[in-house]
Amino acid sequence: MAFEPPQRLVRALGETAPDGDDWLEKLPEIAGQVVAAGELTAERVQVPGGRSSLVVLVRTSDGTPAVLKLAPPRARPESERAALAHWAGRGAVQLLTADVGEGALLLERLHPDVSVRSLPEARALLEAAGTLRRLWVEPPAGELAHCFETVEERTGRQAGAMRTSARTDDEVAPLVDAALAAREELLAAPPERLLLHGTFRQSKVLAGDRMPWLAVGPDPVVGETAFDLARLVRDRVEDLIASPSGAATTRRRIKRLAESLEVDRDRLRGWTLFRAVESGVRARRVGRRKDAELLLEFASWL
(Lines give C-alpha, C1' and ligand atoms only; values in the text may rest on other atoms or scores of the structure.)
Protein backbone atom coordinates (compact mmCIF):
# COMPACT_ATOMS: atom_id res chain seq x y z
CA MET A 1 0.00 0.00 0.00
CA ALA A 2 0.98 3.65 -0.36
CA PHE A 3 2.11 5.25 2.89
CA GLU A 4 1.03 8.79 2.08
CA PRO A 5 1.57 11.15 5.04
CA PRO A 6 -1.63 12.96 6.10
CA GLN A 7 -1.76 16.71 5.47
CA ARG A 8 -1.91 17.39 9.21
CA LEU A 9 1.52 15.78 9.60
CA VAL A 10 2.91 17.54 6.54
CA ARG A 11 1.80 20.95 7.83
CA ALA A 12 3.08 20.37 11.37
CA LEU A 13 6.49 19.13 10.28
CA GLY A 14 6.69 22.00 7.82
CA GLU A 15 6.46 24.41 10.75
CA THR A 16 9.51 22.82 12.41
CA ALA A 17 11.50 22.37 9.19
CA PRO A 18 10.54 25.30 6.94
CA ASP A 19 13.50 24.67 4.61
CA GLY A 20 12.34 21.18 3.73
CA ASP A 21 12.22 17.77 5.37
CA ASP A 22 14.28 14.86 4.01
CA TRP A 23 12.61 12.49 6.47
CA LEU A 24 9.14 13.35 5.21
CA GLU A 25 10.22 12.82 1.62
CA LYS A 26 11.63 9.38 2.49
CA LEU A 27 8.73 8.42 4.76
CA PRO A 28 6.78 6.18 2.31
CA GLU A 29 9.96 4.22 1.60
CA ILE A 30 10.86 3.99 5.30
CA ALA A 31 7.37 2.76 6.18
CA GLY A 32 7.44 0.11 3.47
CA GLN A 33 10.80 -1.17 4.67
CA VAL A 34 9.71 -1.39 8.32
CA VAL A 35 6.47 -3.18 7.41
CA ALA A 36 8.34 -5.72 5.29
CA ALA A 37 11.14 -6.30 7.83
CA GLY A 38 8.66 -6.77 10.67
CA GLU A 39 6.45 -9.12 8.64
CA LEU A 40 3.53 -6.78 9.24
CA THR A 41 0.37 -6.41 7.20
CA ALA A 42 -0.59 -2.78 6.72
CA GLU A 43 -4.31 -1.96 6.87
CA ARG A 44 -4.45 1.82 6.57
CA VAL A 45 -2.79 5.06 7.54
CA GLN A 46 -4.59 6.73 10.42
CA VAL A 47 -6.15 10.04 9.32
CA PRO A 48 -5.98 12.85 10.34
CA GLY A 49 -3.26 11.27 12.51
CA GLY A 50 -0.76 13.07 14.68
CA ARG A 51 1.42 16.15 14.24
CA SER A 52 4.79 14.49 14.74
CA SER A 53 4.48 10.94 13.41
CA LEU A 54 2.90 8.65 10.84
CA VAL A 55 0.49 6.17 12.43
CA VAL A 56 -0.31 2.99 10.49
CA LEU A 57 -2.83 0.37 11.60
CA VAL A 58 -1.19 -3.03 11.03
CA ARG A 59 -1.40 -6.70 11.94
CA THR A 60 1.53 -8.77 13.12
CA SER A 61 2.52 -12.08 11.53
CA ASP A 62 0.14 -13.95 13.86
CA GLY A 63 -2.77 -11.63 13.05
CA THR A 64 -2.63 -9.49 16.20
CA PRO A 65 -3.95 -5.94 15.61
CA ALA A 66 -1.23 -3.37 16.29
CA VAL A 67 -0.12 0.17 15.49
CA LEU A 68 3.10 1.12 13.76
CA LYS A 69 4.30 4.60 14.61
CA LEU A 70 7.10 6.29 12.64
CA ALA A 71 8.63 9.58 13.78
CA PRO A 72 11.61 11.74 12.73
CA PRO A 73 14.62 12.06 15.08
CA ARG A 74 13.58 15.53 16.23
CA ALA A 75 10.37 14.03 17.68
CA ARG A 76 12.56 11.99 20.07
CA PRO A 77 11.07 8.53 19.35
CA GLU A 78 13.76 6.79 21.42
CA SER A 79 12.70 8.83 24.44
CA GLU A 80 9.09 7.75 23.85
CA ARG A 81 10.21 4.14 23.54
CA ALA A 82 12.10 4.32 26.85
CA ALA A 83 9.12 5.86 28.66
CA LEU A 84 6.63 3.31 27.32
CA ALA A 85 8.97 0.47 28.30
CA HIS A 86 9.27 1.93 31.81
CA TRP A 87 5.51 2.34 32.22
CA ALA A 88 5.03 -1.23 30.91
CA GLY A 89 1.39 -0.62 30.04
CA ARG A 90 0.43 0.99 33.37
CA GLY A 91 -1.75 3.88 32.24
CA ALA A 92 -0.15 4.01 28.80
CA VAL A 93 -0.27 2.10 25.53
CA GLN A 94 1.80 -1.10 25.61
CA LEU A 95 5.03 -1.35 23.64
CA LEU A 96 4.82 -4.69 21.79
CA THR A 97 8.34 -5.11 20.45
CA ALA A 98 11.59 -3.71 21.74
CA ASP A 99 12.98 -2.76 18.33
CA VAL A 100 11.33 -2.66 14.90
CA GLY A 101 13.67 -0.10 13.40
CA GLU A 102 15.10 3.34 14.04
CA GLY A 103 12.36 5.85 14.75
CA ALA A 104 9.69 3.12 14.71
CA LEU A 105 7.43 1.87 17.51
CA LEU A 106 5.11 -1.14 17.39
CA LEU A 107 2.26 -0.59 19.84
CA GLU A 108 -0.88 -2.35 21.01
CA ARG A 109 -3.96 -1.37 19.03
CA LEU A 110 -6.34 0.90 20.92
CA HIS A 111 -9.49 2.48 19.48
CA PRO A 112 -7.89 5.34 17.54
CA ASP A 113 -11.14 7.16 16.82
CA VAL A 114 -12.38 7.19 20.45
CA SER A 115 -10.59 9.59 22.77
CA VAL A 116 -11.61 10.76 26.22
CA ARG A 117 -12.43 14.08 24.55
CA SER A 118 -15.62 12.42 23.24
CA LEU A 119 -17.01 12.39 26.80
CA PRO A 120 -18.87 15.30 28.42
CA GLU A 121 -16.35 17.86 29.65
CA ALA A 122 -16.54 17.16 33.40
CA ARG A 123 -16.18 13.41 32.98
CA ALA A 124 -13.47 13.81 30.33
CA LEU A 125 -11.35 15.85 32.74
CA LEU A 126 -11.89 13.29 35.49
CA GLU A 127 -10.91 10.32 33.33
CA ALA A 128 -7.95 12.14 31.81
CA ALA A 129 -6.63 13.20 35.22
CA GLY A 130 -6.96 9.65 36.54
CA THR A 131 -4.98 8.32 33.59
CA LEU A 132 -2.27 10.94 34.03
CA ARG A 133 -1.83 10.13 37.72
CA ARG A 134 -0.82 6.55 36.87
CA LEU A 135 2.04 7.81 34.70
CA TRP A 136 3.73 9.83 37.44
CA VAL A 137 6.43 7.43 38.61
CA GLU A 138 10.09 7.58 39.50
CA PRO A 139 12.18 7.84 36.33
CA PRO A 140 14.36 4.88 35.40
CA ALA A 141 17.89 4.70 36.74
CA GLY A 142 21.08 3.80 34.91
CA GLU A 143 21.52 4.35 31.19
CA LEU A 144 17.81 5.01 30.58
CA ALA A 145 17.95 8.02 32.88
CA HIS A 146 19.78 9.91 30.13
CA CYS A 147 16.92 9.37 27.63
CA PHE A 148 14.80 12.16 29.05
CA GLU A 149 15.01 15.92 29.10
CA THR A 150 14.27 17.71 32.34
CA VAL A 151 11.58 20.36 32.62
CA GLU A 152 14.33 22.92 33.17
CA GLU A 153 16.11 21.90 29.96
CA ARG A 154 12.99 21.83 27.80
CA THR A 155 11.56 25.10 29.06
CA GLY A 156 15.00 26.67 28.81
CA ARG A 157 15.02 26.09 25.05
CA GLN A 158 11.47 27.37 24.81
CA ALA A 159 12.30 30.45 26.90
CA GLY A 160 15.06 31.39 24.48
CA ALA A 161 12.65 31.33 21.53
CA MET A 162 10.08 33.30 23.54
CA ARG A 163 12.60 36.03 24.33
CA THR A 164 13.51 36.31 20.65
CA SER A 165 9.85 36.72 19.69
CA ALA A 166 9.24 39.30 22.41
CA ARG A 167 12.09 41.47 21.14
CA THR A 168 10.37 41.84 17.77
CA ASP A 169 6.72 41.69 18.83
CA ASP A 170 5.59 44.30 21.36
CA GLU A 171 2.11 42.77 21.61
CA VAL A 172 3.36 39.57 23.24
CA ALA A 173 6.17 41.07 25.32
CA PRO A 174 4.18 41.63 28.57
CA LEU A 175 2.83 38.07 28.60
CA VAL A 176 6.26 36.65 27.76
CA ASP A 177 7.80 38.60 30.64
CA ALA A 178 5.16 37.25 33.03
CA ALA A 179 5.61 33.68 31.78
CA LEU A 180 9.40 33.82 32.08
CA ALA A 181 9.18 35.26 35.59
CA ALA A 182 6.82 32.44 36.58
CA ARG A 183 9.26 29.87 35.17
CA GLU A 184 12.18 31.26 37.14
CA GLU A 185 10.19 31.17 40.37
CA LEU A 186 8.91 27.63 39.74
CA LEU A 187 12.35 26.23 38.93
CA ALA A 188 13.84 27.66 42.11
CA ALA A 189 12.34 24.93 44.29
CA PRO A 190 10.69 22.05 42.38
CA PRO A 191 8.81 19.74 44.78
CA GLU A 192 9.50 16.43 43.00
CA ARG A 193 11.29 14.77 40.12
CA LEU A 194 9.05 12.26 38.34
CA LEU A 195 8.66 10.87 34.84
CA LEU A 196 5.97 12.89 33.05
CA HIS A 197 3.99 12.41 29.84
CA GLY A 198 5.15 15.82 28.63
CA THR A 199 2.37 16.67 26.16
CA PHE A 200 -0.74 15.39 27.90
CA ARG A 201 -4.25 16.43 26.87
CA GLN A 202 -7.64 14.80 26.41
CA SER A 203 -6.96 13.74 22.81
CA LYS A 204 -3.92 11.80 24.06
CA VAL A 205 -6.16 9.37 25.99
CA LEU A 206 -7.72 6.63 23.85
CA ALA A 207 -10.20 3.87 24.61
CA GLY A 208 -8.67 0.42 24.99
CA ASP A 209 -9.65 -3.18 25.61
CA ARG A 210 -7.06 -3.96 28.29
CA MET A 211 -8.09 -0.85 30.25
CA PRO A 212 -10.89 1.66 29.56
CA TRP A 213 -8.50 4.54 28.86
CA LEU A 214 -4.78 4.60 28.04
CA ALA A 215 -2.39 7.46 27.25
CA VAL A 216 -0.58 7.66 23.92
CA GLY A 217 1.95 9.93 22.26
CA PRO A 218 4.18 11.02 25.15
CA ASP A 219 7.05 13.43 24.72
CA PRO A 220 8.45 12.41 28.12
CA VAL A 221 10.22 14.76 30.44
CA VAL A 222 11.40 14.57 34.06
CA GLY A 223 10.14 17.14 36.54
CA GLU A 224 7.20 18.18 38.69
CA THR A 225 3.63 17.04 38.19
CA ALA A 226 2.22 20.56 37.90
CA PHE A 227 4.09 20.96 34.60
CA ASP A 228 2.36 17.88 33.16
CA LEU A 229 -1.08 18.85 34.41
CA ALA A 230 -0.79 22.39 33.04
CA ARG A 231 -1.51 21.37 29.45
CA LEU A 232 -4.74 19.68 30.52
CA VAL A 233 -6.01 22.92 32.10
CA ARG A 234 -6.45 24.59 28.73
CA ASP A 235 -8.12 21.67 26.97
CA ARG A 236 -11.03 22.78 24.77
CA VAL A 237 -9.60 26.29 24.89
CA GLU A 238 -11.83 27.36 21.99
CA ASP A 239 -14.90 26.58 24.13
CA LEU A 240 -13.45 28.47 27.09
CA ILE A 241 -12.77 31.56 24.98
CA ALA A 242 -16.27 31.43 23.49
CA SER A 243 -17.90 31.29 26.92
CA PRO A 244 -18.70 34.54 28.79
CA SER A 245 -17.62 32.75 31.97
CA GLY A 246 -14.43 31.32 30.44
CA ALA A 247 -12.05 33.02 32.87
CA ALA A 248 -14.03 31.88 35.92
CA THR A 249 -14.33 28.37 34.50
CA THR A 250 -10.55 28.26 34.03
CA ARG A 251 -9.94 29.26 37.65
CA ARG A 252 -12.37 26.58 38.84
CA ARG A 253 -10.68 24.02 36.62
CA ILE A 254 -7.27 24.83 38.09
CA LYS A 255 -8.69 24.50 41.60
CA ARG A 256 -10.48 21.22 40.83
CA LEU A 257 -7.52 19.58 39.09
CA ALA A 258 -5.04 20.73 41.72
CA GLU A 259 -7.17 19.36 44.55
CA SER A 260 -8.01 16.05 42.84
CA LEU A 261 -4.36 15.29 42.01
CA GLU A 262 -2.83 16.90 45.12
CA VAL A 263 -0.87 19.48 43.14
CA ASP A 264 -0.11 22.96 44.47
CA ARG A 265 -2.63 25.34 42.90
CA ASP A 266 -0.23 28.25 42.48
CA ARG A 267 2.38 26.04 40.82
CA LEU A 268 -0.25 24.68 38.47
CA ARG A 269 -1.37 28.20 37.59
CA GLY A 270 2.25 29.24 36.98
CA TRP A 271 3.05 26.37 34.63
CA THR A 272 -0.30 26.80 32.87
CA LEU A 273 0.67 30.42 32.19
CA PHE A 274 4.12 29.52 30.90
CA ARG A 275 2.91 26.70 28.65
CA ALA A 276 0.00 28.71 27.22
CA VAL A 277 2.23 31.70 26.40
CA GLU A 278 4.92 29.45 24.92
CA SER A 279 2.38 27.71 22.69
CA GLY A 280 0.73 31.00 21.73
CA VAL A 281 4.00 32.70 20.81
CA ARG A 282 5.10 29.66 18.80
CA ALA A 283 1.76 29.57 16.94
CA ARG A 284 2.09 33.28 16.19
CA ARG A 285 5.65 32.79 14.93
CA VAL A 286 4.64 30.15 12.35
CA GLY A 287 1.54 32.01 11.17
CA ARG A 288 -1.25 30.19 13.01
CA ARG A 289 -2.83 33.48 14.03
CA LYS A 290 -6.18 32.12 15.21
CA ASP A 291 -4.54 29.56 17.51
CA ALA A 292 -2.20 32.24 18.81
CA GLU A 293 -5.05 34.60 19.64
CA LEU A 294 -6.96 31.91 21.57
CA LEU A 295 -3.90 30.84 23.57
CA LEU A 296 -2.73 34.33 24.42
CA GLU A 297 -6.18 35.46 25.48
CA PHE A 298 -6.42 32.36 27.67
CA ALA A 299 -3.01 33.18 29.16
CA SER A 300 -4.16 36.72 29.97
CA TRP A 301 -6.75 35.26 32.38
CA LEU A 302 -4.03 33.68 34.51
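**Strands and helix contacts in a predicted model**

Modeller: In this predicted model, strand E3 and strand E4 (residues 104–108) pair in the antiparallel sense over five bridges. Within that pairing, Leu 70 stands opposite Ala 104 in E4.

Colleague: Which strand do six bridges join to E3, and in which sense do the two run?

Modeller: That is strand E2 (residues 54–59), joined to E3 by six bridges and running antiparallel. Leu 57 stands opposite Val 67 in E3. The hairpin of E2 and E3 has five residues between the strands, and Gly 63 takes a positive phi near 90 degrees there.

Colleague: Why is E3 called largely enclosed by the rest of the structure?

Modeller: A residue is buried when its relative accessible area is under 20%. Five of the six residues of E3 (residues 65–70) are buried, so the strand is largely enclosed.

Colleague: What makes E6 and E7 edge strands?

Modeller: They belong to an open sheet of three strands in the order E6-E10-E7, with mixed pairing. E6 (149–150) and E7 (194–196) each pair on one side only.

Colleague: How do you know that E6 and E10 pair?

Modeller: E6 and strand E10 (residues 221–223) have two bridges, in the parallel sense. The cut-off is at least two, so they count as a pair. Thr 150 stands opposite Val 222 in E10.

Colleague: Which residues of H9 and H10 meet, and how do they divide?

Modeller: Ile 254, Lys 255, Leu 257, Ala 258 and Glu 259 in H9 meet Arg 265, Leu 268 and Arg 269 in H10. These divide into four nonpolar, no polar and four charged.

Colleague: What is the contact of helix H7 with H10 made of?

Modeller: The axes of H7 (residues 225–233) and H10 come within 8 Å and cross at roughly 65 degrees. The residues of this contact divide into seven nonpolar, one polar and four charged. Among them are Phe 227 in H7 and Trp 271 in H10.

Terms used. Residues numbered from 1 in each chain as written. Predicted model: local features only at pLDDT ≥ 70, side-chain atom pairs only at ≥ 80, totals over all residues. Heavy atoms only, no water. Contact = heavy atoms within 4.5 Å. Helix = DSSP H or I, 4+ residues; strand = E, 2+ residues; numbered from the N terminus. Nonpolar A, V, L, I, M, F, W, Y, C, P; charged D, E, K, R; others polar. Buried < 20%, exposed > 50% of the residue type's maximum accessible area, 1.4 Å probe, protein only. Axes fitted to C-alpha atoms, helices over the stretch in contact; angles between N-to-C directions.
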